[in-house]
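I opened this model to look up a few things.

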Amino acid sequence: MSEFSKYVVYVDESGHSNWKAAPEYPLLCLNYCMFEKDHYIDELIPRFNRLKFKYWGCDNIILHERDLRKSDKIRDPAVRSKYEGLHGDRRRAFLDELTQLMRDAQFRCFCVVIDKPKVPEWHKSYDPYHISLSRGFRQIEDYLKVHDPGELAKELHIVFEARGREEDEALSKAYKQVSVQGSLLAPVSTRDYSTFRLELMDKKSNSTGLQIADLTARPIGNHYLHATGQRSQTDQRAIEVLLEKLHFCSGTTCEIGKYDVFHEGL
């Protein structure tokens with residue numbers, strides 16, 4: 001049995017995992033958040049749960065970026081009432097503490113943004129998950145090669161939220177293709193993702209890592225839309241923190257504050 005990596009990766013997406021481009025958000029944005037397990041277990045999980053106990057009296061709440069942004073759209077009345085309890089000074093204090101928690105948390109982001117309207121039609125024969133996994137895995141591998149090569153031979157768990165039979169099947173198929181061939185877009189014999197292990201976790205699991213991934217994906221997408229003139233505003237508070245954690249890795253170079261945008265180049 002292979003040794004487990006000291007890292008774990010949690011992934012969440014913003015946008016729909018198909019080629020339909022919604023006018024208000026024409027992206028699929030997958031953010032791969034990589035944590036060192038010791039920090040994640042010993043410091044981050046206790047602090048994340050402590051924040052929940054402070055504002056809700058228990059940890060039986062799953063933080064979602066959309067629910068924090070649009071609590072009036074939550075269908076479940078029990079969940080909606082929890083978010084609606086955050087208002088005025090209490091909401092501002094919570095967001096300040098959450099922002100500071102995210103700033104202090106030690107994790108790295110490798111984000112792939114797919115700008116659907118700009119993707120040439122011939123690329124759309126591939127599932128968007130395949131494109132994202134091939135590019136996300138490549139960045140994680142390149143990062144490890146440069147900064148922690150001893151971890152490459154160890155089993156790295158990459159955890160996604162289960163989203164339903166159709167989406168889970170598409171994701172699993174893309175994972176099998178990418179882990180065997182590197183990418184159908186540009187197969188590279190030197191790429192080896194055989195130690196990357198896909199995990200699908202129920203959204204009700206209350207995973208700290210999945211919640212952090214959820215809180216980070218859409219702000220990055222909004223930053224891209226703002227930077228390309230497709231949106232007038234961006235999530236300034238969130239993106240200032242995330243730009244310090246984002247890594248764009250290619251070969252032996254990793255640039256901080258950048259993310260991968262796919263529309264034309266492989």
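**Ground rules.** I am working with a predicted model, where local features need pLDDT of at least 70, side-chain atom pairs count only at pLDDT 80 or more, and totals for chains, interfaces and linings use all residues. Residues are numbered from 1 along each chain as its sequence is written, and side-chain values use heavy atoms, with hydrogens and water left out.

**Helix α6.** I took helices (H or I, at least four residues) and strands (E, at least two) as DSSP runs, numbered from the N terminus. Helix α6 covers residues 165-181, which is 17 residues. At 1.5 Å a residue (times one less than the number of residues), α6 should span 24 Å, and its end C-alpha atoms are 24 Å apart, which agrees.

Next I checked burial: buried is under 20% relative accessible area, exposed is over 50%, partly exposed is in between (1.4 Å probe, protein chains only). Asp168, Leu171, Ala174, Tyr175, Val178 and Ser179 are the buried residues of α6. Seen down the helix axis, they fall within an arc of 130°, so they line one face of α6. I note that the arc is taken from the directions from the helix axis to the C-beta atoms. An α-helix has 3.6 residues a turn, so residues three or four places apart point the same way.

The face turned away from the buried side carries exposed Arg165, Glu166, Lys173, Lys176 and Val180. Among what covers the buried residues I found α5 (128-147), β4 (155-161) and β5 (196-201); contact means heavy atoms within 4.5 Å.

**Asparagine 206.** This residue sits in the loop between β5 and α7 (208-227). Asparagine 206 has a positive phi of about 60°, although it is not a glycine. Its relative accessible area is 24%, so I logged it as partly exposed.

**Pockets.** A pocket here is an open set of points on a 1 Å grid over the protein atoms alone, with protein on both sides within 12 Å along at least five of seven lines; lining residues have an atom within 4 Å of a point.

The largest pocket has a volume of about 1,500 Å³. Its lining counts 42 residues, and Arg66, Glu161, Arg163, Lys203 and Asp214 lie nearest its centre. Elements giving two or more residues to this lining include α6 and α7.

The second largest pocket has a volume of about 450 Å³. It is lined by 16 residues, with Glu65, Leu95, Pro219, Arg237 and Ala238 nearest its centre. Here α4 gives the most, with five residues.

Notes:
1 Å grid on protein atoms, 1.4 Å probe; cavity = no way out; pocket = protein on both sides within 12 Å on 5 of 7 lines; lining within 4 Å. Points joined across faces, edges and corners; volume = space filled by probe spheres on them.
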